[in-house]
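Hi,

Here is the structure I promised to pass on.

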2 protein chains.
Amino acid sequence: MSPSKARTDALMAGEELSSAAQRERRKRIVDATIALASKGGFDAVQMRAVADRADVALGTLYRYFPSKVHLLVSSLAVELERAQEKMDRTTVPGDSPYERVLFVLGRITRGLQRNPHLTEAMTRAFTFADASAGAEIDKVSWLMESMFTRAMSDEDPTDEQKAIARVIGDVWLSNLVAWVTRRATATDVANRLELTVRLLLK
Amino acid sequence: MSPSKARTDALMAGEELSSAAQRERRKRIVDATIALASKGGFDAVQMRAVADRADVALGTLYRYFPSKVHLLVSSLAVELERAQEKMDRTTVPGDSPYERVLFVLGRITRGLQRNPHLTEAMTRAFTFADASAGAEIDKVSWLMESMFTRAMSDEDPTDEQKAIARVIGDVWLSNLVAWVTRRATATDVANRLELTVRLLLK
DNA sequence: GCCGGAATTAGAACACGTTCTATAAACTCC
DNA sequence: GGAGTTTATAGAACGTGTTCTAATTCCGGC
């Protein structure tokens, strides 16, 4: 509500940062987060360590991201955007929604599994997030949903398609978490996703 | 591995507690946890507060439950068992798996929504749990799965039915979390569950 | 160039999960 | 019923997320 609070919101949203210096600080913070998470997962993303590595004061880190969860979920959004861009430069093979969704799903899943610690850090933050991180969560949810609806068809998605995309996203995340916590193997995950998509799209 | 560790595992599993005094202590701890969670959610379940309310020393609490997450997930298992028992005493109406699953789902969901803080505490603990709580997580997953397979048919479930139950469980949990974090209304949740079950079972 | 408010910094301080220590009480087995 | 072991207790101590404070630097308007 106060002016400074409004400014903070802008910083969090990652847009309209007043100066180039601020955009750079923000980038350094996210980069530091991803680096630390890649090395040691959720526990290794310690706020003092992030601040050190990004060369900002602890207070500044908190001005940009009001909590560790915000920080990690924002980083997840950044990673998903990268994955989306990469996907946009690929032609998705398959002539049914079933095949195309499965292709996208498999590719992103394998991509995340290539960096287990980072995936652990981001998925745990995502599922642990409380109401205060609603905006960041919504952004990630939207990215996931649109990732799958795009694979289904080139047109604007119908409500049913959106719903299916959401269900796929739920199952996907849950299986990713199961994999991250070693309760499911990569094969389990692939099988369950295949089955889910088949049930929903065939 | 050590003898005392083996004993601790027994305490965690909640079975074969050597003495009545220990069974009572364990019950007091779970009761205290549920009471505190009901009042103020995840954040209100503070280990010192639980120990105080259960009239045990902090060290004793940690001997019974090695972390806050173990404690809350175990409490979730207790709650689900209660719900299951209640369900067993009911005749589930509906003559298709679709109808019966939807009935069970609606009932449990409304039950949990009647106690939002408790639900928030338990679902957040469940989704935040790491590998060390694998056993507790598996127990809860199994309870959820069997809840839904039972609603589908009286027979032993097929692999496909188990898979469907798991998908429903994933979507259910995800929507519960969305509701808990105020990103979805009770109506949203009901609609999405209806749609999911319809897609999977109709 | 200079002023005033905003942003940044270094670091102390605080909260809560978790671990550790020393002592006391409760069991077990002879 | 006593020695030895396990379990419970009170409370200090520690780590890390978060908040607070005081001093400094940066930046936009004059």
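Predicted model: local features only at pLDDT ≥ 70, side-chain atom pairs only at ≥ 80, totals over all residues.

B:Arg63 is partly exposed, with 44% relative accessible area. That residue sits in helix α4 of chain B, which covers residues 58-64.

Now for the contact between the chains. Chain B and chain A each put 29 residues into the contact. Together they bury about 2500 Å², and 61% of that is on carbon and sulfur atoms. On the chain B side, B:Phe128, B:Arg183 and B:Leu199 lose the most area to chain A, together 24% of what that side buries.

Four helices of chain B each supply at least two residues to the side touching chain A: α7 (116-128), α8 (134-152), α9 (159-180) and α10 (186-201). Of these, α9(B) gives the most, with nine residues. By type, the chain B side splits into twelve nonpolar, seven polar and ten charged residues.

On symmetry: chain B superposes on chain A by a rotation of 179° with 0.0 Å of shift along the axis, at an RMSD of 0.1 Å. So what you have there is the relation of a two-fold axis. The same surface serves both copies, as 100% of the contact residues of chain B recur in chain A.

A:Asp55 has a positive phi of about 60° although it is not a glycine. You'll find A:Asp55 in the loop between α3 (47-54) and α4 (58-64) of chain A, and it counts as exposed at 63% relative accessibility. The other spot is B:Arg182, again not a glycine, with a positive phi of about 65°. B:Arg182 is in the loop between α9 and α10 of chain B and is exposed too, at 68% relative accessible area.

Last, the salt bridges. Over all chains the count comes to 14.

- A:Lys27 and A:Asp31 meet at 2.6 Å, N to O. They are four residues apart in helix α2 (residues 20-44) of chain A, so about one helical turn separates them. A:Lys27 counts as exposed at 51%, whereas A:Asp31 is partly exposed at 33%.
- A:Glu79 and A:Arg82 pair up at 2.8 Å, N to O. Both lie in helix α5 (residues 68-88) of chain A, three residues apart, about one turn of the helix. A:Arg82 is partly exposed, with a relative accessible area of 42%.
- A:Arg150 bridges to A:Asp88, with the closest N and O atoms 2.9 Å apart. This pair links distant parts of the chain, since A:Arg150 is in helix α8 (residues 134-152) of chain A and A:Asp88 is in helix α5 of chain A, 62 residues apart. A:Arg150 is partly exposed at 41%, and A:Asp88 is partly exposed at 46%.

Cheers

How values were computed. Residues numbered from 1 in each chain as written. Chains lettered and ligands numbered in written order. Heavy atoms only, no water. Contact = heavy atoms within 4.5 Å. Buried area = accessible area lost by both parts, 1.4 Å probe. Nonpolar A, V, L, I, M, F, W, Y, C, P; charged D, E, K, R; others polar. Least-squares fit on C-alpha atoms with pLDDT ≥ 70 in both. Buried < 20%, exposed > 50% of the residue type's maximum accessible area, 1.4 Å probe, protein only. Salt bridge = Lys/Arg side-chain N within 4 Å of Asp/Glu carboxyl O.
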